[in-house]
2 protein chains.
Amino acid sequence: MIHEVFSTLTARSGADHNLPKVITIVGGNGRMGKFFNNQLTAAGHRVNIVGSNWQGADSLLPQADLVLISVPIESTCEIIERTAQYLTPHTALADITSIKIEPVRAMLEHHSGAVMGLHPMFGPSVESFAQQKVVVCSGRNDAAFDWLLNLMRNQQAELIFSTPEEHDQMMVMIQATRHFCRLTQAVYLAQEKIDIDKSLSMSSPVYRQEIDILKRLLNQNPQLCIDIMLATEERCQAIKSLADTYNRLARLIEKKDREELIKEIESTQNFFSKQ
Amino acid sequence: MIHEVFSTLTARSGADHNLPKVITIVGGNGRMGKFFNNQLTAAGHRVNIVGSNWQGADSLLPQADLVLISVPIESTCEIIERTAQYLTPHTALADITSIKIEPVRAMLEHHSGAVMGLHPMFGPSVESFAQQKVVVCSGRNDAAFDWLLNLMRNQQAELIFSTPEEHDQMMVMIQATRHFCRLTQAVYLAQEKIDIDKSLSMSSPVYRQEIDILKRLLNQNPQLCIDIMLATEERCQAIKSLADTYNRLARLIEKKDREELIKEIESTQNFFSKQ
């Protein structure tokens, strides 16, 4: 008898696992929304879209197995709250914003069903999840997302499990201050009116790599870069602190203080060698 | 008769061209000095070294076909002057320092024979000149260096001909301010005690590339990095100006001034798109 119940459960969950899911992407007309739409559709699922006019929200949101929030960082929490009003506890809710503490907290607060925070560490120009990293922050009832995580795994994505707190702390360094550095370097080169092609003709491969990185940043929507830098107060503080470090070292250069510069470099070498 | 003279000249210059040269490298015990020693020796030339004690200078310098100055930027001009005292006009004199205005001027002033400024755009860890760039600044009697430039070309080096002025202006951007940026980023990561391995596990490929660049910088002798930043007053000024740009943008971040940030990004995008 017990065996029979187990078999039935396994069979049902197996069947569920293979059933096409019904997914609604809020912000599905954005570039990342389109990427997820393409990937989920290609995997045999049914994807609906709720755009900025919220048309169809009242029919498309309550019936979905999964609702995926794919909107600018700035509006993520507000849109989570608005979306959650349409949901029953049977719908799983996830977001793909590049901060995780606030969106995961908002999803847990406003939705009583399954919740997961995702951060795809790539832009919408990639062709699939293959070789791409996705940070996964557990919220509530992770099992409801197994099919989604397996879809990404099957496409050779690398899933990195993290708490929202650890994720956000790392992203201050990986995203916010790096975006600020790249942006400032690009602004500086433009301000000095440097002949980029001429400089590349004389440059080492490292400089060429760096210019390529700047060019990729400049191909993005400016708003996205600004959103990433301003997303949290912690990020703004880190950027201020980075600018202070630039100033401190620039003053040593101005004073031609070789002794202090050596100390700075040596203690940094020491830190990196222990990593 | 005329034909005969021409033949003889051609034969002689052809013979000269293939004769092993006698080369003295001043600073030949440094890492770049050793690289040139290895390459020139492997090509069949006879290489002697004058080290920091100047031992053998009075016999090795006057008899050389080529004297190559391979010493720290800081002491290049002083050592050019000291070296030139030993030379006859039959010796060709070149340097490989990463600034070119002052060394080429010093060589032209203190030596009456052939002069050329070179800047290999690579570090001593490469195995040959293959696929490497070398900036070449003509000084006097370029023909005396044909064999040397051909040796590099035959190894698939890319030679970039430039004036010392154009070279130095470009290197402010390619070398001095970039070194300062990389150094500051490394100092900042150390100061914030970031867990580099953890950050790499969550990162995009671009961040990984950037950390690799920082690690390579930190593997160098700190003095070299400092020499590159402090080499000219123009470099120190450019670094100050870069730090000012960091500050200007950091203040916009602090004020969360999206409108001004958009303007900065858009005008930079505009500049890069016209390049």
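Predicted model: local features only at pLDDT ≥ 70, side-chain atom pairs only at ≥ 80, totals over all residues.
A:Ile25 has its bridge partner, A:Ile49, in strand 2 of chain A.

**Around A:Leu159**
- A:Leu159 sits in strand 7 (residues 158–161) of chain A.
- A:Leu159 is buried, because its relative accessible area is 15%, under the 20% cut-off.
- A:Val135 is 24 residues away along the chain, yet its C-alpha lies 5.9 Å from that of A:Leu159.
- Beyond its neighbours within four places in sequence, A:Leu159 touches several residues, including A:Val134, A:Val136 and A:Met152.

**Salt bridges between chains**
- Over all chains, the count is 22 salt bridges.
- B:Glu166 pairs with A:Lys198, with 3.0 Å between the closest N and O atoms.
- This pair crosses from helix 7 (residues 164–191) of chain B to helix 8 (residues 196–202) of chain A.
- A:Glu233 forms a salt bridge with B:Lys256, again with closest N and O atoms 3.0 Å apart.
- Here the crossing runs from helix 11 (residues 233–254) of chain A to the loop between helix 11 and helix 12 of chain B.
- A:Glu233 is partly exposed at 45%, and B:Lys256 is partly exposed at 37%.

**Within chain B, and a network**
- B:Arg248 forms a salt bridge with B:Glu264, the closest N and O atoms being 3.0 Å apart.
- B:Arg248 is in helix 11 and B:Glu264 in helix 12 of chain B, so their pairing ties together parts 16 residues apart in sequence.
- B:Arg248 is partly exposed at 29%, whereas B:Glu264 counts as buried at 14%.
- Salt bridges with shared partners link A:Glu74, A:Asp227 and B:Arg258 into one network.

Key
Residues numbered from 1 in each chain as written. Chains lettered and ligands numbered in written order. Heavy atoms only, no water. Helix = DSSP H or I, 4+ residues; strand = E, 2+ residues; numbered from the N terminus. Buried < 20%, exposed > 50% of the residue type's maximum accessible area, 1.4 Å probe, protein only. Contact = heavy atoms within 4.5 Å. Pairing = 2+ DSSP bridges. Salt bridge = Lys/Arg side-chain N within 4 Å of Asp/Glu carboxyl O.
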